[in-house]
Amino acid sequence: MATTPAEQSLGVKPAQNRGLWAIAARRLLRRPKAVIAIALLAILYASGIFANVIAPYDYNHQDVTQVRQAPSTQHLLGTDYIGRDIFSRLVFSMRTSLILTVVSVITGTLLIGLILGLLAGYYGRWVDTLISRVGEVFMAFPHIFLMIIIAATIRPRVLDMIRNFEDSTGITGLVRWGIVDYLVVFGALAAFSWVGMARLVRGQILYLKETQFVDAARASGASVWRIMVVHLLPNALPPIIVAVSLGFGSVAAAEATLSFLGIGIQPPIPSLGRMIGEGQNLTILRNQPWIILPPVIVLMVIIFAWNLLGDALNDVLNPRTR
Amino acid sequence: MTQVQRAPQPQQKGEDILVDVKNLKMYFPVMQGIMVQRKIADIKAVDDVTFYIKRGETLGLVGESGCGKTTTGRCILQLYRPTSGSVVFDGQDLMSMNAQQLRTMRRRMQIIFQDPYSSLNPRMTAGNIVGEPLVVHKLVKSKQEYRDKVAELLTTVGLNPYMADRFPHEFSGGQRQRIGVARAIATRPEFIMCDEAVSALDVSIQAQIINLLQDLQDQFNLTYLFIAHDLSVVRHISDRIAVMYLGHVVEIADRNELYANPLHPYTKALLSAVPIPDPIVEAQRERIILQGDVPSPLRPPSGCVFHTRCPIMIEECKGGVPPLREVAPNHWAACIRV
């Protein structure tokens, strides 16, 4: 038992790095696919965050004399049908994608899904029945179809609301900055992303609340809040982290889908789906591939990187595949 | 049935009873239905159990798997809210307490689990596991006091204080069980339920943990409910022993009395199953082999629940549940044929 001096001489790592999380993090960073995924995502999202600095032109800067130009030193990825710089629009699209995915994953998937799943799993009975059945109703419809309906029906309402808000407070520019689009797309995405997470969390909690360490906490007199936050959540987290990582990819794809169909982000705000939509015809693909290929490739890379990261996280966190 | 009258009572009025269980029943409902759940049956895990535990003594609770030992213990701690009956702890009725009152009472009664692997939260350090009851009951005022207290607890159970920063997966089974013990004694409880506390450990470690439990009992005047299926361990640690079968207590007696003079046919069969570590004696050991299996607690037999397997069963046994009678001084058995 008394191995302190021996341990010290053997250079055992300090205690604070031996927790399960620290071990998982170290394992993760030893995996090439995790490093690649993190690097790709870091580059893409950093360009979105620093879009103002990186983009050589404004996303809405039009030069009608330079329409559908091939890539050159002046326009790195060429220009689109009204002479806007594609590289600049791509970088600003990353910002749109980043904002929307992060906000809807955090609020929709994490906040709503986690809380509902926790309640359903912990309290069971009618709470569980209610949440599970409502979730099943949501799952029963094709997502794209319902998202289109939501996006199409709430847009006028949100627009009115924001206009009223602008009028009453004197703040201007909200509509022009595309806040309406963000809210609409976010609403459509969040309405669905919670179901999968709630189910996952519920299942985890159902299993965890029967474990002996939760019994021990209950026998110690721990409150429900403490049991949830200290004992249930940290142990339910590994699959949640994997699901969130995979969820980022699918939410990014869903956002692009809505914008591609013309009901998501409205012009002139750039988004990947919008850019793909504007370039979608055979003549362009054949003659000016620089208009459509960049957004397609970037979207692919985003989805690929999130899935890769999710896969690596699963390898590291899931005890069954370890 | 006038059950209260036949409840075992302590010999003298003056004896200090810490835990008093009367007519405890724990029925788990069996539900069926898709939208609306209906109760179709009850699993009678604990059916009309009555016993008491004196302050400072160890009551061993034995019986085979599924006989309701653990459920009984959990009902005492109110981890399950029993269907009916009464559980009185140091004069206070736990059954009538609300969740808030119970949480304060939990400081005085604790539990040690069977499995040292699943009873510790894998994402907490040993120190925080041991210190959690201190935080929950606000028994420490500062960070420093908390650390000192945790170090003291770890030392008490034979671990090194520097191990407080380690995580459960870095300990051996015996060390983990010591952490479980340290957590149980953190709030200086009066009563600890040891739920198969040594069953998952190998024999040499079992001995260490049992010795630790006995030392702690002397040191802190603890009262134990020691649940086990290992009869030699129970014999070693218990003052009195209760034998359970299919949710009923069939016999309660002082340790030596029970082992020397078992009265209930089930107890006799159970004790005859203990192997003797002497090959010559072992070869001559007379075993009572019971016929059949334990009936389902979903549909327990009528009358004496043991009558389906009892070697000395007579027609009257099917009639009514035999009361726990004081057959010899302080020796209670639930059998009409003794």
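Q: In S8(B), which residue is the bridge partner of Met193(B)?
A: The bridge partner of Met193(B) in S8(B) is Leu225(B). The structure is a predicted model, in which local features need pLDDT of at least 70, side-chain atom pairs count only at pLDDT 80 or more, and totals for chains, interfaces and linings use all residues. Residues are numbered from 1 along each chain as its sequence is written, while chains are lettered from A and ligands numbered from 1 in the order in which they are written.

Q: What makes S7(B) and S8(B) a pair, and in which direction do they run?
A: Strands are DSSP runs of E with at least two residues, and helices are runs of H or I with at least four, numbered from the N terminus. Two strands pair if DSSP finds at least two bridges between them. Five bridges join S7(B) to S8(B), and these strands run parallel. S7(B) and S8(B) therefore meet the requirement for a pair.

Q: How many bridges join S6(B) to S7(B)?
A: Four bridges join these strands, which run parallel.

Q: Why are S6 and S11 of chain B said to stand at the edges of their sheet?
A: The open sheet has eight strands with mixed pairing, in the order S6-S7-S8-S3-S9-S10-S12-S11 of chain B. S6 and S11 (325–328) each have a single partner strand, so one side of each is left without a neighbour in the sheet. Neighbouring strands are turned by 25° against each other on average, direction ignored.

Q: What makes S7(B) a mostly covered strand?
A: A residue is buried if 20 or more other C-beta atoms, placed from the backbone, lie within 10 Å of its own; it is exposed if there are 12 or fewer, and partly exposed in between. In S7(B), five of its five residues are buried. Phe191(B), Met193(B) and Asp195(B) point one way from the strand, whereas Ile192(B) and Cys194(B) point the other way.

Q: Why is H5(B) described as largely enclosed?
A: Of the 13 residues of H5(B), 11 are buried, so the rest of the structure largely encloses this helix. The buried residues include Gln175(B), Ile179(B) and Ile185(B). They pack against H9 (212–219) of chain A together with S6, H3, H4, S7 and H6 of chain B. Angles run from 0 to 180 degrees between N-to-C directions, with axes fitted to C-alpha atoms, for helices over the stretch in contact. H5(B) lies across S6 and S7 of chain B, running at about 175° to S6(B).

Q: What makes a residue of chain B part of the side that touches chain A, and how many are there?
A: Two residues are in contact if their C-beta atoms, placed from the backbone, lie within 7 Å. In these terms, 26 residues of chain B are in contact with 22 residues of chain A. S6 (109–112) and H3 (126–136) of chain B each supply at least two residues of that side, and H3(B) gives the most, with three.

Q: Which residues have the most contacts inside the largest nonpolar core?
A: A nonpolar core is a set of buried Ala, Val, Leu, Ile, Met, Phe, Trp, Tyr and Cys residues joined through C-beta atoms within 7 Å. The largest has 168 residues, and those with the most contacts inside it are Cys194(B), Leu225(B), Phe226(B), Val243(B) and Val249(B). Helix H8 (residues 179–208) of chain A gives the most to this core, with 16 residues.

Q: How many helices and strands are there in chain A?
A: Chain A has 13 helices and zero strands. Buried residues make up 41% of its 322 residues.
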